[in-house]
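Colleague: I would like to learn how to read charged pairs and a ligand site in a model of this kind. Could you take me through them step by step?

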Amino acid sequence: MRATARAQPNIALIKYWGKRDTEQNLPAVGSISITLADLFTTMRVEFDDSLPADSLVVNDRQNDAMLPRVSRCLDAVVGGDRSRAAVSSASNFPIAAGLASSASAFAALVVAADAAAEKQHSREQLAGLAGMASGSAARSIYGGFVELANDGDSIRLARLRPAAEWPLNVVVAITATGPKAVGSTQAMETSRETSPFYPRWVEQQQADLDAARAAISDKEFARLATVAEHNCLKMHSVMWASRPPMVYWNATTLECMDAVRQLQADGVPVFFTIDAGPQLKAVCEPTAVDIVRERLAAAPGVEAVMVTGLGAGARLIDDD
Ligand code: PMV
């Protein structure tokens, strides 16, 4: 009754921001992401009738704050009458700082729990279950370029391209560590309820999805860059115009954006994207990775840079 799974975070190029249904955690808009290779979460789940309660250890420390969300996810995968579980998770990157740690964590959790309880859900079902816990987690079930579409009362995942077919790199500039100010669930609801730009955001998403899908299909970096940056800045504009406003960037985020702009002016194939946190992710072609890493590392205030390729979806691993 135990299993271990590993999953990588994904970075949305066309963002999910806003919920259609908070109960089922269904997104108001579709999204397109890339699953990363070298940042990962390893999740071990053990069901045991003799345990008095569920427990959760994150990076070697007991974590009671996240436990209810993890327990609810296990109930959804296995059923409410399941045995209690001991869950332990380890990530090789800072968690809760806009690096999509919940995506890799919940993708790995559903895969491990499914195997430990011998449920044999399909990949699609696992994606739906991961998405109920964290919208972006559904996308980490698959590797490479992934589209998450709204499909009536459920979500639908499409694999647009495996990682090996268009091996881009991502350079993550860490501009601050520590948990983010406002969690994404609360922030999305604030945007939906108060941002005058929110209805236009939802309305325009299909056009951005279509443009990005076509650029990925044609492997046209410049077109993907243009629509991804537009979509990212549009999402942040929705947040900035919310009441209260939500500004996830810091001064170093802007320094990094400027570094990317300068590289682009020199013809370097790179673009940026930023999620609900202060880190900047620069997506580039492999030929550009050294210069992008160098420039971002030199941007004033950057604490560290991490370089990764694109990788595979959530999977079981042998930890015995
Ligand atoms: O899945 P959540 O609730 O962590 O929300 C993710 C929201 C963004 O990272 C900002 C965008 C996205 O599509 O990943």
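Colleague: How many salt bridges does the structure hold?

Modeller: A salt bridge is counted when a side-chain nitrogen of Lys or Arg lies within 4 Å of a carboxyl oxygen of Asp or Glu, and the structure holds 17 of them. This is a predicted model, in which local features need pLDDT of at least 70 and side-chain atom pairs count only at pLDDT 80 or more, while totals for chains, interfaces and linings use all residues. Residues are numbered from 1 along each chain as its sequence is written, and side-chain values use heavy atoms, with hydrogens and water left out.

Colleague: Which residues are linked in a network of salt bridges?

Modeller: The network links Asp 54, Asp 75, Arg 82 and Arg 84. Within it, Asp 75 pairs with Arg 82, their closest N and O atoms being 2.8 Å apart. For burial, the relative accessible area is taken with a 1.4 Å probe and protein chains only, where under 20% means buried, over 50% exposed, and in between partly exposed. Asp 75 is therefore partly exposed at 31%, whereas Arg 82, at 7%, is buried.

Colleague: Which parts does the pair of Glu 147 and Arg 213 tie together?

Modeller: These two residues form a salt bridge whose closest N and O atoms are 2.7 Å apart. Glu 147 belongs to strand S10 (residues 145-151) and Arg 213 to helix H5 (residues 198-218), so the pair ties together parts 66 residues apart in sequence; here helices (H or I, at least four residues) and strands (E, at least two) are DSSP runs, numbered from the N terminus. Glu 147 is buried at 8% relative accessibility, while Arg 213 is partly exposed at 28%.

Colleague: Which atoms of Tyr 16, Arg 139 and Ser 184 lie by ligand oxygen atoms?

Modeller: A polar contact is a pair of N or O atoms within 3.5 Å; within protein, one must be able to donate a hydrogen and the other to accept it, and residues adjacent in sequence count only if both atoms are side-chain atoms. For Tyr 16 a backbone N or O atom lies 2.8 Å from a ligand oxygen, whereas a side-chain N or O atom is involved for Arg 139, at 2.7 Å, and for Ser 184, at 2.8 Å.
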